[in-house]
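Subject: A structure for you to look at

Hello,

Here is the structure I promised to pass on to you. Please open it next to this email, and I will walk you through what turned up.

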Amino acid sequence: MTTDRPASDARRARVVFMGTPDFAVPSLDALVAAGHDVICVYTQPARPAGRGQKLQPTPVAARAEALGIPVRTPVKLRDPADQAAFAALDADVAVVAAYGLILPQAVLDAPVRGCVNVHASLLPRWRGAAPIHRALLAGDTETGVTIMAMEAGLDTGAMLATCRVPIGPQTTAQQLHDQLAADGAALLARTLPAVLDGTAVAVPQPEDGVTYARKLEKAEGRIDWTADAAAIDRLVRAFTPWPGASFTLGDETLRLVEARPAAQPAPAGTPPGTLLDDGRTVACGDGRALTLIRAQRAGRKPMTIDDLARGFPDLAPGRRLG
């Protein structure tokens with residue numbers, strides 16, 4: 001924070017917003033709704049998407065353009081020219097939400113009040129790229145949002161504010177994403193005035209309880225039926241809609257979109273992955289079973305297991321899922 005200019009009125013500050021996916025859009029909207037002057041938005045470059053592989057702007061870029069806010073899309077921020085252009089914005093604060101680029105020290109130091117981050121976990125648990133999904137996979141019963149003062153380390157900065165969100169037995173990644181995005185935006189709006197007037201209390205993260213939410217890999221979505229039913233259920237809830245929880249039946253790979261641990265155990269000695277008598281329930285590695293609710297064939301829309309079975313005779317009792 002190397003500037004002699006005092007920060008603007010906390011009620012209307014010069015803000016640079018840095019974010020990329022849908023998760024970040026509510027935070028951008030919250031800044032605008034609070035009356036701040038969002039002078040520029042930084043986001044990832046447009047990338048090919050869809051069947052035609054046309055370049056698609058990020059959700060944050062699309063929202064910023066609709067709001068009439070200038071958008072910048074540097075590939076990296078290591079170039080001194082990009083850093084100088086950022087500093088020339090003369091911002092009071094930068095707000096970061098799932099941006100996807102590491103901020104060099106020169107960028108962190110440029111705004112009067114530094115850079116704050118809207119992070120989708122209760123730090124220090126789940127630092128890193130995929131906190132929502134990792135919390136679900138681990139069976140956490142609670143998560144939340146942390147507003148953090150950014151520093152050079154990976155999500156290691158001091159905490160300015162937190163809010164907590166319960167994770168229920170049927171909570172999905174999409175539901176949790178939407179809840180945390182909304183709660184994070186509201187928490188940001190409540191916290192930013194204290195950041196701008198210098199009264200925010202920064203609490204260092206505890207050294208105990210640090211975990212890292214590494215980036216999701218598509219291969220992790222392959223269902224291992226020797227795992228316990230609860231773990232497979234969490235995998236399905238965490239990996240839907242992306243990258244998807246998949247299994248094979250015969251020569252075909254399908255996505256399991258929705259499932260629930262069955263009330264009754266699998267018959268003793270049933271090999272994991274076996275479809276049980278109703279053809280809708282699968283034996284798992286812990287002796288329990290998983291009820292299939294919705295699945296998706298390649299190139300088709302998700303459908304109920306009953307609808308799927310009508311046109312897919314392989315989905316029958318005694319068959320083995322891979």
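This is a predicted model: local features need pLDDT of at least 70, side-chain atom pairs count only at pLDDT 80 or more; totals for chains, interfaces and linings use all residues.

Residues are numbered from 1 along each chain as its sequence is written, and side-chain values use heavy atoms, with hydrogens and water left out.

Back to the cavity. On a 1 Å grid over the protein atoms alone, a cavity is a set of points where a 1.4 Å probe fits but cannot get out; a pocket is an open set with protein on both sides within 12 Å along at least five of seven lines, and lining residues have an atom within 4 Å of a point. Grid points are joined across faces, edges and corners, and a volume is the space filled by probe spheres set on the points. The largest cavity has a volume of about 30 Å³. Its lining has seven nonpolar residues, no polar ones and one charged; here Ala, Val, Leu, Ile, Met, Phe, Trp, Tyr, Cys and Pro count as nonpolar, Asp, Glu, Lys and Arg as charged, and the others, Gly among them, as polar.

The largest pocket has a volume of about 1,600 Å³. It is lined by 43 residues, and Pro 21, Ala 98, Gly 100, Ala 129 and Ala 130 are the closest to its centre. By class, that lining has 25 nonpolar, 13 polar and five charged residues.

The second largest pocket holds about 220 Å³ of space. Among its 13 lining residues, Thr 172, Thr 240, Val 257, Glu 258 and Arg 294 lie nearest the centre. Strand E13 gives the most to this lining, with four residues (strands are DSSP runs of E, at least two residues, and helices runs of H or I, at least four, numbered from the N terminus).

Next, the nonpolar cores. A nonpolar core is a set of buried Ala, Val, Leu, Ile, Met, Phe, Trp, Tyr and Cys residues joined through side-chain atoms within 4.5 Å, and buried means under 20% relative accessible area, exposed over 50%, partly exposed in between (1.4 Å probe, protein chains only). The largest core has 68 residues, and Leu 256 is one of those with the most contacts inside it. Helix H6 (residues 173-197) gives the largest share, nine residues.

Finally, a site from a record. Which residues does UniProt list for "binding site"? The unreviewed entry gives Ser 121, Leu 122, Leu 123 and Pro 124; such annotations may be inferred rather than shown by experiment, positions follow the numbering used here, and feature names are shortened. Leu 123 sits in the loop between strand E7 (115-119) and strand E8 (127-128), and Pro 124 lies in the loop between E7 and E8 too. Leu 123 is buried, with a relative accessible area of 6%, and Pro 124 is buried, also at 6%. Not counting residues up to four places away in sequence, Leu 123 touches Thr 146, Met 148, Asp 155, Met 159 and Gln 205 (contact means heavy atoms within 4.5 Å).

Enjoy exploring!
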